[in-house]
Amino acid sequence: MEPEFGISSSSSRNPPPLSCMINLSRNLLLAYQSFGVVYGDLSTSPLYVFSSTFIGKLNNHQNDEAIFGVFSLLFWTLTLIPLLKYVFIMLTADDNGEGGTFALYSLLCRHAKLSLLPNQQAADEELSSYRYGTLSQSSQTAASSPLKRFLEKHKKLRTALLLVVLFGASMVIGDGMLTPAISVLSAVSGLKVTEKKLTDGELVLIACVILVGLFALQHFGTHRVAFIFAPIVIIWLVTIFILGIYNTVVWNPKIVYAFSPHYIIKFFRETHKEGWISLGGILLCITGTEAMFADLGHFTAFSIRIAFAFVIYPCLVVQYMGQAAFLSKNVESISNSFFDSVPEPVFWPVFVIATLAAIVGSQAVITATFSIVKQCHALGCFPRVKVVHTSKHIYGQIYIPEINWILMVLSLLVTVGFQDTTLIGNAYGLACMSVMFITTFLMALVIVFVWQRSVILSTAFLVFFWFIEGIYLSSAFIKVPQGGWLPLVLSFIFMLVMYIWHYGTRMKYNYDLHNKVSLKWLLGLGPSLGIVRVPGIGLIYSELATGVPAIFSHFVTNLPAFHNVLVFVCVKSVPVPYVSPEERFLIGRICPRRYGMYRCIVRYGYKDIQRDDGDFENQLIQSIAEFIQMEADEPHFSSSEGSSSLDGRMAVISSRCVGSSSNLIIASETVDVSIGNSVPSSRSITLQSLQSAFEDENPQLRRRVVRFQLPENPRMDPAVREELMELVQAKESGVAYIMGHSYVKARRSSSFLKKFVIDMGYSFLRKNCRGPAVGLNIPHISLIEVGMIYYV
């Protein structure tokens, strides 16, 4: 087995039968669950594919040959793109089990220096999830790749690659807006068949009510209705499979001949340009395919393959075959082909199931939109937004209120503005095919840089699928005036927002990087830093992973006092999906021991969530204590610190060590309980009363209070014990969170475009997004902010 192809190697080539059975049952359970999360959108495509295909000039070719040709196109499109490309190829290109556009981009950034934000460290490469399979040797081979060196050398090409990824992410967000509109409107349009009195306006009103209810329920989380989702989709799939068999047998069994690609050739010979334009409707049969890859992190590749190959694929093929058989004898029903093909006795049950399936399909894409926005934010490409966990048990299920309401408003505007599934389908098809086109390009780069395969193989993959997808994409672009303009405009707006945010973040980081405080200057000030050192711990937040930020000199020169213990905290994202708690903290020392200055780098993956569990302070103190003991036990740590002009060496400290270390013992989780030799609090009575009053007024902000004490260990080094005692005393005296309230402005010598982007665009986004203190879950009562202007 080859782990570089995304397949985890087994410790044994012949696993025991019991293990195989457990693994198989687990995959079958995941395959069952995937129906409600992954395939809701793909399985509801039969509601609108035929009506969207035969719109426009193709109405002049409503005959048996054209209908047979359309079905043949549907069959081969489903076979080549979802089955061949995604199920057999794309699902092997996972990033530690995660899929999607940003998963491919993070793989590329790890195996080639393509990231534009220079905050990566050598220590990040030691993360267990950093390496793709066993590529330590092959990555050295990649270093000599001329293509890799060419991309790394030219910053404009790396910027272009980022823009391509952002455009793909923007199109996914567009899917989150268009999917609810077209799915719900298509399901509701079935009322036209029986209720002739309902006007188009009344149908749109019903669709809008369903959409408002759908988005209003998002804050409850998908986990509350997850067990309902899968049965609904399975019932829907069984229904459309039976309807497909029934229509094929009753109306025209000869439709099976259309499996031959010969009917595709006959279709284009007869329809010419009109047939090519109609491909914009054909591609709607594969909308939602990207979800198989994007939602890979919630399941396994094997479970998704089982679900698609043995259930989704045959059900969809049979349903399209049945609709084609029905239409070959009832050409006048093309505008409402699905519901017209439903026998009248079972119409209402099918209508209800179709509506529920449309809602489930919309739910899946909305959830995927939340996930892609979270990933964009983690990689510094989206303004800070509120991320809410909706499940304590299912990791990764999140809800973003701001994005939810934006999607609701846009979906309502699309539904009311277009009032036609064909126009919405034109927009929807363009958005979906654009994402697939970008995914193919990124996958071709992964084949070269990550899998270490030949450029010839990568080019063959790129040319084959770009040829197929390019034909569909060109057809979709023809329909830009008929609704296709919408995803382009919205994607451009979202991409502009994301790039402006990323550009401003990068400029601000570069300013910090080039204006770091000189360690020689700090050493010249002495251990007191030229000011009064008061009891307590000061956590100075900065985006810098190395060096001392300029804001610290701003403090030292303007404040008469500072804390005994200073910790420079950097919370950063690394290009991996998850960072295990054992590897989250990097602890180091700044300046010699008597200065009491430490560095803590907290690392998160692009799918990690920063939980507000109130335990960060305790984990940080415990991690520093672990580092102090490690430094004493391992002399090579302190030797690097001997050169006083450099930062001390960083060490990985597990964040799960709270309460398990021999250095500091958690004595109690309440303030009022007196504990043996624990250090008494030195806070003033006034400060304690103020904090008590604040917590009484804000009970939701009350945090767990932990008291530490040192063990009775006569073998402990006296210097280590003294430093640990100072740390404990500082913790009991109080912790202050110090951040810079920065104002980013363009230099006077900058171009007009740069001034507009920084002074207008980036400043507007910073003022209207969540503050960094809120995003980092910093308690407001302990926060100190200092204003500072960045001229970039």
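**Reading the terms in a predicted model**

User: What does helix 23 lie across?

Analyst: Helix 23 (residues 550–558) lies across strand 3 (532–541), strand 4 (561–573), strand 6, strand 10 (735–745) and strand 11, and runs at about 115 degrees to strand 11. Contact means heavy atoms within 4.5 Å. Axes are lines fitted to C-alpha atoms, for helices over the stretch in contact, with angles from 0 to 180 degrees between N-to-C directions. Helices (H or I, at least four residues) and strands (E, at least two) are DSSP runs, numbered from the N terminus. This is a predicted model, in which local features need pLDDT of at least 70, side-chain atom pairs count only at pLDDT 80 or more, and totals for chains, interfaces and linings use all residues. Residues are numbered from 1 along each chain as its sequence is written, and side-chain values use heavy atoms, leaving out hydrogens and water.

User: What makes strand 7 and strand 11 edge strands?

Analyst: The open sheet of 7 strands has the order 7-5-6-4-3-10-11, with mixed pairing. Strand 7 (651–653) and strand 11 (783–791) are its edge strands, as each pairs on one side only. Two strands pair if DSSP finds at least two bridges between them.

User: Why is Arg 110 called buried?

Analyst: Buried means under 20% relative accessible area, exposed over 50%, and partly exposed in between (1.4 Å probe, protein chains only). Arg 110 has a relative accessible area of 6%, and is therefore buried. Arg 110 lies in helix 5 (residues 101–111), and its side chain reaches the backbone oxygen of Pro 575 at 2.6 Å. Among the residues that Arg 110 touches are Asp 95, Tyr 130 and Val 576.

User: Is Asp 124 buried or exposed?

Analyst: Asp 124 has a relative accessible area of 0%, so it is buried. Asp 124 is found in the loop between helix 5 and helix 6 (138–142).

Notes: Polar contact = N/O pair within 3.5 Å; in protein donor to acceptor, adjacent residues only side chain to side chain. Lists of a residue's contacts leave out its neighbours within four places in sequence.
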